[in-house]
Amino acid sequence: MRDYIRSSRGSIAVLIIAAVLLVLVFLLSLYLGPTRVSLSKIIGSLFSYDDWEGYVIHDIRLKRSVAAILAGCGLGVAGAVMQCVLKNPLGSPYTLGLSNAAAFGAALGIMVLGGGTVLGGAVASYGIDNPYIITVSAFAFSMLATGAIVLAMRKFGASPETMILAGMALSAIFAAGIAFLQYRADEMALSAIVFWQFGDLEKISWGNMPLVAVAVIIPVVYLFLRRWDLNAMDHGDDIAHSLGVKVGFTRVSVLVISAVMTSVVVSFVGIIGFIGLLAPHVARRLVGEDKNYLIPASAIIGAAVLLIAMVISQNAFSFVIPVGIITSLVGGPMFLWILFSRNGERRRTLKGFVEARQK
């Protein structure tokens with residue numbers, strides 16, 4: 001008991017430090033940019049503004065930073081709980097194909113179902129006429145991918161490795177669907193959807209922010225309330241059953257809730273790769289497997305990582321690049337490191353088993 005209390009205190013300290021760092025990165029994201037603004041001006045512009053500097057802070061940087069916090073929080077928590085219920089450290093909305101499925105649904109909503117309008121000009125762009133059409137379409141296809149994963153788990157007893165391969169296959173299928181839409185699109189629509197796929201926090205507006213906030217905050221709270229069930233499932237389905245956990249319902253509900261968050265986030269900001277993979281693994285290194293601390297840590301770290309990626313994308317180059325490119329550049333090597341380190345652990349375990357048998 002004393003060890004658990006000591007460990008809990010350490011995890012709480014880590015959460016507090018991470019939250020403080022998140023606030024500092026948030027303030028840094030408001031400060032950095034072509035237009036330098038004083039701290040007092042930044043704080044004043046958070047609530048109202050009456051000049052150009054205030055507009056830059058409130059309607060550009062603040063909007064972008066809030067979107068990064070919400071998206072990073074949702075994707076980070078979704079990755080953490082997916083890794084738990086699938087018993088696979090490579091599980092995330094991106095690796096399981098949910099991001100590409102939602103992206104295809106959102107693209108279909110924009111280009112076919114009348115949710116978006118392509119605007120011509122010097123640079124092609126699009127406006128969102130009906131965000132609800134896009135969100136519902138993204139959610140429908142994300143749920144289709146989720147249903148395929150659940151079916152593979154319940155009907156065919158797919159292993160964790162098979163689930164990742166199935167997710168890659170689903171990603172390829174929906175990527176082909178997006179490519180088909182691009183092939184059939186005119187020049188302006190093609191430019192718009194390609195840019196949208198990169199993942200960019202500029203797309204969301206203040207008018208859409210409440211919908212995204214509700215679609216992230218409520219699921220995160222729900223998943224946190226199920227933390228004891230998820231802790232029990234870490235020790236195996238049989239033990240979880242013996243403790244009164246409805247394993248099947250919990251697994252399906254967690255995947256559905258994760259699909260909701262992913263679909264809404266992707267429908268407004270595009271594909272943000274690897275946040276759902278990176279944040280839970282960093283959080284797990286800091287606070288361990290206990291979902292009492294892993295879920296909030298994944299939320300905070302996911303938000304911080306996406307904020308940092310946004311700051312880099314906005315300030316590290318002479319031009320602005322979509323934040324999704326930065327997260328993929330960081331997440332790709334992370335994915336390989338997890339994959340190869342896991343294989344190394346298996347080889348060491350097998351070697352120890354063989355040596356024990358020989359003795």
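The crossing of helix α3 with helix α8 is left-handed, a term used where the near helix is turned anticlockwise from the far one by less than a right angle, with right-handed used if the turn is clockwise. The model is predicted, so that local features need pLDDT of at least 70 and side-chain atom pairs count only at pLDDT 80 or more, whereas totals for chains, interfaces and linings use all residues. Residues are numbered from 1 along each chain as its sequence is written, and side-chain values use heavy atoms, with hydrogens and water left out.

The protein has 14 helices and two strands, where helices (H or I, at least four residues) and strands (E, at least two) are DSSP runs numbered from the N terminus. Among contacts, defined by heavy atoms within 4.5 Å, that link residues at least 6 apart in sequence, 75% join residues at least 24 apart.

The axes of α3 and α8 (residues 209-225) come within 10 Å and cross at roughly 30°; such axes are lines fitted to C-alpha atoms, for helices over the stretch in contact, and the angles run from 0 to 180 degrees between N-to-C directions. The two helices, α3 and α8, are therefore roughly parallel to each other, given that angles under 35 degrees count as roughly parallel, over 145 as roughly antiparallel, 65 to 115 as roughly perpendicular and the rest as oblique. On the α3 side K63, V66, A67, L70, C73, G74, V77 and V81 meet M209, V212, A213, V216, V220 and L223 of α8. The residues of this contact divide into 12 nonpolar, one polar and one charged, with Ala, Val, Leu, Ile, Met, Phe, Trp, Tyr, Cys and Pro counted as nonpolar, Asp, Glu, Lys and Arg as charged, and the others, Gly among them, as polar.

Helix α3 (residues 52-85) also packs with helix α11 (residues 247-269), at an angle of about 155° and with the axes 9 Å apart, which makes α3 roughly antiparallel to α11. The crossing of α3 and α11 is left-handed, and the residues in contact include A71, G74 and A78 of α3 together with S258, M261 and T262 of α11. By class, 11 nonpolar, three polar and one charged residues form the contact of α3 with α11. Within α3, A78 counts as buried at 0% relative accessibility, and A78 touches P93, S258, M261 and T262, when residues up to four places away in sequence are not counted.

A further pair is formed by helix α12 (residues 275-287) and helix α13 (residues 291-315), whose axes come within 8 Å and cross at roughly 125°. Helices α12 and α13 are therefore oblique to each other, and their crossing is right-handed. The contact of α12 with α13 comprises 14 nonpolar, two polar and one charged residues.

Leaving aside residues up to four places away in sequence, L230 touches V81, C84, V85, L223, T250, V254, K291 and I295.

How values were computed
Buried < 20%, exposed > 50% of the residue type's maximum accessible area, 1.4 Å probe, protein only.
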